[in-house]
Amino acid sequence: MTAGQPQAVVERRRVAVRGLVQGVGFRPFVFTLATELGLAGTVTNTGQGVLADVEGRPEAVDAFCRRVATDAPPLAQVASVEHEPLAPTGVAGFAIAPSRADGPQLTLIPPDTATCADCLAELADPADRRYRHPFISCTNCGPRHTIVTGLPYDRANTTMAEFPMCRDCAREYRDPADRRFHAQPVACHACGPGLALVMPGLPTLDGEGALTEARRLLQAGAILAVKGLGGYHLACDARNGGTVARLRRRKRRGAKPFALMARDLGELAGLVRPGPAETELLTGPARPIVLLRRCAGSPSAQPGSASAPFDAALEGVAPGSPDLGVMLPYTPLHHLLLAPPGPGLLVMTSANLSGEPIVTDDRDAFARLSPLVDAWLTHDRPIHVPCEDSVVRVVDGEQLPVRRSRGHAPLPLPLPVPVRPVLAVGGDLKNVFALAQDGYAWLSGHIGDMDDLATLDAFDRAVAHLGEVTGVRPELLAVDRHPGYRSVRHARASAGRREVRVVQHHHAHIASVMAEHGLDGGHPVIGVAFDGTGYGDDGAVWGGEVLLADYDGYRRLAHLAYVPLPGGDAAVVRPYRMALAHLRAAGLPWEAELAPVQACPEDELRVLERQLERSLNCVPTSSMGRLFDAVSSLAGVCQRAEYEAQAAIELEAAALAHGPAEGYAFGLRPVDGALAADPAPVFAGALADLAAGAPAGLVAARFHGAVADLVRTVCRTARERHGIGTVALTGGVFANALLSSACSRGLTADGFTVLRHRRVPPNDGGLALGQLMVAARAAAGSAAT
């Protein structure tokens, strides 16, 4: 610089970026951005996110602070960018500094992500050194959540720590121009995990030999345990009806549908027709199981046709269901396993006995799965966090989650109002818990049904891990009101001195859909909460509820009229018991030719009659789920439920097959300040149709219409009385796409704003989000007073 020439202005800032910024290639992105702008400094991971010190021309520093959010990598989600001025140091060059573990751990861990197109191209390229490598990944794809053992997100804090990088992988890892720059799961054939096929009584096969034999076994009708990202799957050829039936028997699956994994979309031709939204879900980075309507006439085929065995197998995959649950491969191992000449369509279901947690530990897999499988296709990369497949469907062009897990957990949900540190334990069925603090809630993956010690242990491990990676130390516990729930007893036993807040089940459902739509609770909504079971304020089993609700409380506006629930769980698994209870409550005779009368054994029929007469073991219920069961039985659709909601699912299938029909009419009468919806006229109408020879599909269609009309009528009445124009539809019954669509369409025509679930399930998998909102608001109110 010559004398008298003005010195160039240099500015230095410390830039803190928070959000989903670890495990998504954010530091390499920052390195590249800073280099492009001519900035010097460093970038590092911390427990709170990513921290960069940048120094250079002021306009370049300004551009960096702006573009660090707008140009972020595709898997990143920037929640905030904060910066403060520092004194310039004259440092030269830009570097990635070692991660810092100081301070609270408040960063976000990304979910596991499906194999990207670049890695798939390398997987199929014989010239690439990762050709056919079953664990290929890069900055933009691969395992994240299931391998993280701690923070910051570095290789040392993942299950990849036990696989030292070879020279070539280490060079890529350090090269800012490489796609694997600081990609923590980076590995290759020379240094990564190894594949093995274990067969009882035979030598273990490794590598390519394991894959070749696994495909041959599947083609020959074997059932395999396949180790995935978040646990083991049970896999078999979906085209082999005998094998599918054998898997169903071994797993004690009953009639519950299996999920399918297809080689590509072409394998689904003639079975389902995914629309644009469904195709996007199937091929996107999350790769959930997508529930797709079967094509007309599928899977039946003309007898003797070439496709008859295939069609028979598909009927065995999802008997009586209007949907097929389908996903595409999301790991390189899946792509290799499904490649020709092996089967292109596999049953791919969680590796466990029904009701148990998914198997993740290798030794546990060999012990617990030995009665279920013929061989194990496994590997030596540990699974630190169990994670089931997510399940979604598309309703009216929008995503409706049925199970939120892999591909989404542990991404946080923004909350409409800040909350104190809280653990919401969810319910006993489809358990999902949530941790929340300030403006975010972290929902766990799917835990399962809380009915055994193994699930409770899995729950505790998941709470501890999510607490470690989020930094949330709950001061408050939120639980369901049901005193018999195992989740409630477990939470109380482990609460210590922490406050425990009880939240009514249906209030939590409504608060859940309010929270995911960003409502701050300043105005109440009309909440329509339809499900199978929820403990009511009066000790009855609620489940057909219309509440005027906000986070602070609720008022019961309407409900289904009470009928006896004869024998509790016995009525749930035997829908004919509910049909007979409803007929008796409606004053309608048990004619011998009626389907539920014929389904009920004669001795049980006599006992049931006395039980209802004397109200023995007959808790009153307003459950909409049980009403669906009763109508399904009355129409002759389903008499015994082998899995949850089977009767309702098959009733929806019958209604879909028939097409729209004019609905029956519920009666409405005032009871204790609320409206009681009497289903007696519905049963009378259904009996008249059946006596006239109507098919089950007509009864099913008219019943769906009746429920949708009831929702419209009650909500219009509520608006007239209370001036509320927003309706929230929630509860497991609204996983029924036909009903959800009909209710939303009718309410929208009536001028309502309709809220439906888009980010958490309407069933009990979304319960924890509502619990934490209600409990945190109540606790804040108590503290204020």
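**Reading helices and a loop residue**

Guide: The buried residues of helix H1 (26-36) pack against strands E1 (11-20), E2 (40-46), E3 (49-56), E4 (77-86) and E5 (94-96), and against helix H2 (58-70). This is a predicted model, where local features need pLDDT of at least 70 and side-chain atom pairs count only at pLDDT 80 or more, while totals for chains, interfaces and linings use all residues. Residues are numbered from 1 along each chain as its sequence is written, and side-chain values use heavy atoms, leaving out hydrogens and water.

Visitor: How many of the residues of H1 are buried?

Guide: Buried means under 20% relative accessible area (1.4 Å probe, protein chains only). In H1, eight of eleven residues are buried, among them Phe 26, Arg 27 and Leu 33. Just after H1, Gly 38 has a positive phi of about 75 degrees.

Visitor: At what angle do the axes of H18 and H19 cross?

Guide: Axes are lines fitted to C-alpha atoms, for helices over the stretch in contact, and angles run from 0 to 180 degrees between N-to-C directions. The axes of H18 (624-634) and H19 (646-658) come within 8 Å and cross at roughly 60 degrees.

Visitor: Which residues of H18 and H19 meet?

Guide: Contact means heavy atoms within 4.5 Å. Phe 628, Asp 629, Val 631 and Ser 632 of H18 meet Ala 647, Ala 648 and Leu 651 of H19.

Visitor: Is Thr 331 buried or exposed?

Guide: Thr 331 is buried, at 8% relative accessible area. Thr 331 lies in the loop between strand E12 (323-327) and helix H9 (332-337).

Technical notes: Helix = DSSP H or I, 4+ residues; strand = E, 2+ residues; numbered from the N terminus. Buried < 20%, exposed > 50% of the residue type's maximum accessible area, 1.4 Å probe, protein only.
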